[in-house]
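The exercises below are to be worked with the sequence and the 3D structure at hand. Each task is followed by a solution in steps.

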Amino acid sequence: RILYLPSIGFCLLMAMIVYYFYESGLEFYYQSKITTKVNNVKVKQRINTKYKLKLTWKQFYTVVGIILLAYSVKTLHQNKAWDSQRSLFEYSIRGCPNSGKVQYNLAAELEMAGEIEKAQELYEKSVETHPSYTGSAARLGKIWLKRGNLTRALHYYAIIVNTPTNNGSKLFHEFAYHDTGYIYWQLGDFKKAEIFLNFSAVITPFGDKMGGDAENNLACLYIDLEQPQKALGLVQEAIKKRASEPAFWNNSGVILWKLGRREEALKAFEKAMALQRKRHRAHINYQAVRSSLQNPNLQPPELRYSVVIKP
């Protein structure tokens, strides 16, 4: 693809050369030896012969036709490679089998097609071939996280979060830091979880599809740690970044209920239900708090928060 623009110049050069041989031709001289008789004596002489290489109109169109035919055949053959993203990367990997980027691109297509084992194999090759290309390490971390193997996921995320760039700054990859924080939370290391989730919140651009996820999940961690006031500020930040996410509103309801702000909690659950028509955790929480309000003698409801992890 990088050669597309220069190839126009190549085509123009070929056209100029063929047209030059048709219009002007190429003159050159060559020497030949001839034998003549002078006074019945054989004499060898060298003479310069002028020769002009010029195409006739038939030859001109024949050459142009051959070039067009050759490139038409090549184009038809190449179209198979451009049929889809997957076919393009399968074609590319045959030409560049040791390219970490090509291995990653094909692996991503395989992963989206559900061929996880094949994708994992290519991601691993990409990490071995080109360790600085962190996309493959990130996807391996995500694959192992989905499988529930937290230590294996942490191993691949460490390639990103523990590797400084040339100027000493951290490599940018918000979901690697986010997922690392989540893993530390699940492993019981709350301090590290807090550090990584906070860092993910800072580096995630406003408007990003992960906007608010780190704040929301850190709020869930504070719910576990019985720090609802801290949790409330974070979930409110998450809502500011992505108010369309029902999980954020559900968690807001859970926290507000813990803080004794019953009516506000009900409104938060109602907002979550409006955003998610299908049965959601907010529906269960809403029913639980309504029952509790109608019958104060019931045990306090066990409300469930929602962690958001992007695939």
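**Exercise 1. Describe how helix α6 packs against helix α8 in this predicted model.**

Step 1. Take the geometry of the pair. The axes of α6 (residues 134–146) and α8 (residues 174–186) come within 10 Å and cross at roughly 30°.

Step 2. Classify the angle. Angles under 35 degrees count as roughly parallel, and α6 and α8 are therefore roughly parallel to each other.

Step 3. Assign the hand. α6 and α8 cross in a left-handed sense.

Step 4. List the residues that meet. On the α6 side they are Ala 138, Arg 139, Lys 142 and Leu 145; on the α8 side they are Phe 175, Asp 179, Tyr 182 and Ile 183.

Step 5. Sort them by class. The contact of α6 with α8 holds 5 nonpolar and 3 charged residues, and no polar ones.

**Exercise 2. Carry out the analysis for helices α11 and α12.**

Step 1. Helix α11 spans residues 228–241 and helix α12 spans residues 246–258; their axes come within 9 Å, with a crossing angle of roughly 155°.

Step 2. Angles over 145 degrees count as roughly antiparallel, so α11 and α12 are roughly antiparallel to each other.

Step 3. The crossing of α11 past α12 is left-handed.

Step 4. From α11, the contact uses Pro 228, Ala 231, Leu 232, Val 235, Ala 238 and Ile 239. From α12, Phe 248, Trp 249, Asn 251, Ser 252, Ile 255, Leu 256 and Lys 258 take part.

Step 5. By class, the residues of the contact of α11 with α12 are 10 nonpolar, 2 polar and 1 charged.

**Exercise 3. Is Asn 217 buried or exposed, and which residues is Asn 217 in contact with?**

Step 1. Locate the residue. Asn 217 belongs to helix α10 (residues 213–224).

Step 2. Compare its accessibility with the cut-off. Buried means under 20% relative accessible area; Asn 217 has 1% relative accessibility and therefore counts as buried.

Step 3. Follow the side chain. The side chain of Asn 217 reaches the backbone oxygen of Val 308 at 2.7 Å.

Step 4. Collect the contacts. With neighbours within four places in sequence left aside, Asn 217 is in contact with His 178, Trp 185, Leu 197, Ser 306, Val 307, Val 308 and Ile 309.

**Exercise 4. Which residues does Gln 120 touch?**

Step 1. Gln 120 sits in helix α5 (residues 116–129).

Step 2. With 9% relative accessibility, Gln 120 counts as buried.

Step 3. Beyond residues up to four places away in sequence, Gln 120 touches Leu 140, Ile 143, Trp 144 and Arg 147.

**Exercise 5. Characterise two loop residues, Thr 56 and Glu 226.**

Step 1. Thr 56 lies in the loop between β2 (41–53) and α2 (57–81). Its relative accessibility is 40%, so Thr 56 counts as partly exposed.

Step 2. Thr 56 and Gly 25 are 31 residues apart along the chain, and their C-alpha atoms are separated by 9.8 Å.

Step 3. Glu 226 is in the loop between α10 and α11. A relative accessible area of 59% makes Glu 226 exposed.

Step 4. Check the backbone. Most residues other than glycine have a negative phi. Glu 226 is not a glycine, yet its phi is positive, at about 60°.

**Exercise 6. How many helices and strands are in the protein chain, and what share of its residues count as buried?**

Step 1. The protein chain has 14 helices and 2 strands.

Step 2. Of its 311 residues, 38% count as buried.

Step 3. Consider contacts between residues at least 6 apart in sequence: 51% of them join residues at least 24 apart.

Terms used:
Residues are numbered from 1 along each chain as its sequence is written. This is a predicted model: local features need pLDDT of at least 70, side-chain atom pairs count only at pLDDT 80 or more; totals for chains, interfaces and linings use all residues. Side-chain values use heavy atoms; hydrogens and water are left out. Axes are lines fitted to C-alpha atoms, for helices over the stretch in contact, and angles run from 0 to 180 degrees between N-to-C directions. Helices (H or I, at least four residues) and strands (E, at least two) are DSSP runs, numbered from the N terminus. Angles under 35 degrees count as roughly parallel, over 145 as roughly antiparallel, 65 to 115 as roughly perpendicular and the rest as oblique. A crossing is left-handed if the near helix is turned anticlockwise from the far one by less than a right angle, and right-handed if clockwise. Contact means heavy atoms within 4.5 Å. Ala, Val, Leu, Ile, Met, Phe, Trp, Tyr, Cys and Pro count as nonpolar, Asp, Glu, Lys and Arg as charged, and the others, Gly among them, as polar. Buried means under 20% relative accessible area, exposed over 50%, partly exposed in between (1.4 Å probe, protein chains only). A polar contact is a pair of N or O atoms within 3.5 Å; within protein, one must be able to donate a hydrogen and the other to accept it, and residues adjacent in sequence count only if both atoms are side-chain atoms.
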